[in-house]
Amino acid sequence: MSNVHHITHPLIQHKLTLMRQKDRSTSGFRRLLGEISMLMAYEVTREMPTQLIDIETPLEPMKSPVIDGKKTVFVSIMRAGDGFLDGMLSIVPGARVGHVGLYRDPNTLQAVEYYFKMPQGMDEREAIVLDPMLATGNSAIAAVTRLKATNPKSIRFVCLLAAPEGLAKFVAAHPDVPVYTAAIDRGLNEHGYIVPGLGDAGDRIFGTK
Ligand code: URA
């Protein structure tokens with residue numbers, strides 16, 4: 001899958017291993033997710049547009065590149081996506097933040113939107129969608145479909161773990177959206193959890209288990 005970027009950097013893999021461990025504390029889990037977010041932000045912003053500005057070094061004037069962080073919008077798929085925000089914002093502090101809230105209808109099993117809030121001027125922004133777990137793919141697909149209606153300049157999707165079936169479904173639904181993941185696990189269990197996975201990311205981030 002050419003639009004899938006599997007980020008195999010040893011630092012990310014090391015920290016992910018620590019996060020997966022069942023005895024990792026809530027604070028440890030959150031700290032590691034923050035650190036991985038910063039490292040993933042580096043990868044996902046690699047092709048971010050830059051513009052030249054005029055500056056003066058102590059020796060002479062020059063034109064030098066800067067990014068316009070305000071043109072970036074991090075879109076968190078609630079609630080686990082929020083765990084990515086601190087790390088991403090520490091690398092791109094000027095970025096705006098949008099939120100998408102979805103729940104699964106128990107009868108139809110389809111993702112139903114209960115919250116959607118984006119900054120103004122989406123047609124000028126590069127959107128980076130955040131959700132640690134790409135499991136069935138249903139909520140990621142629904143969130144990106146909804147986001148496309150706001151007409152952002154580009155969309156990228158970042159997760160920590162992906163299940164092969166969810167990843168394939170997402171890529172089929174949104175072939176134009178690059179996916180960045182730190183791991184592609186074996187699959188999904190009968191409850192829709194990624195295995196071997198790391199459990200419920202939201203519960204582990206917020207200590208709600
Ligand atoms: N969401 C989670 O938090 N964990 C999974 O394994 C799958 C979906």
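1. A residue counts as near a molecule or strand when its C-beta atom, placed from the backbone, lies within 6 Å of it. The residues around the ligand here are Ala80, Met133, Ala135, Tyr193, Ile194, Gly197, Asp200, Ala201 and Gly202. Before going on, please keep in mind that this is a predicted model, where local features need pLDDT of at least 70, side-chain atom pairs count only at pLDDT 80 or more, and totals for chains, interfaces and linings use all residues. Residues are numbered from 1 along each chain as its sequence is written.

2. What classes of residue make up the shell around the ligand? Six are nonpolar, two polar and one charged. Ala, Val, Leu, Ile, Met, Phe, Trp, Tyr, Cys and Pro count as nonpolar, Asp, Glu, Lys and Arg as charged, and the others, Gly among them, as polar.

3. An unreviewed UniProt entry lists Ile194, Gly199, Asp200 and Ala201 under "binding site". Positions follow the numbering used here, feature names are shortened, and annotations may be inferred rather than shown by experiment.

4. Is alanine 201 buried or exposed? Alanine 201 is buried, because 25 other C-beta atoms lie within 10 Å. The cut-offs are 20 or more other C-beta atoms within 10 Å of a residue's own for buried, 12 or fewer for exposed, and in between for partly exposed, with C-beta atoms placed from the backbone. Glycine 199 has 17 such neighbours inside 10 Å, so glycine 199 counts as partly exposed.

5. Where do these two residues sit? Glycine 199 is in the loop between strand 12 (194-195) and helix 6 (201-206), and alanine 201 is in helix 6. Helices (H or I, at least four residues) and strands (E, at least two) are DSSP runs, numbered from the N terminus. Setting aside residues up to four places away in sequence, alanine 201 touches Ala80, Gly83, Pro132 and Met133; contact means C-beta atoms, placed from the backbone, within 7 Å.

6. Now for the interior. A nonpolar core is a set of buried Ala, Val, Leu, Ile, Met, Phe, Trp, Tyr and Cys residues joined through C-beta atoms within 7 Å. The largest one has 49 residues, and Val129 and Val158 have the most contacts inside it. Strand 9 (residues 154-162) gives the largest share of this core, seven residues.

7. Finally, look at helix 5 (residues 164-173), whose buried residues are Gly166, Leu167 and Phe170. They lie on the same side of helix 5, because they cover an arc of only 100 degrees around the axis, taken from the directions from the helix axis to the C-beta atoms.

Key: Two residues are in contact if their C-beta atoms, placed from the backbone, lie within 7 Å.
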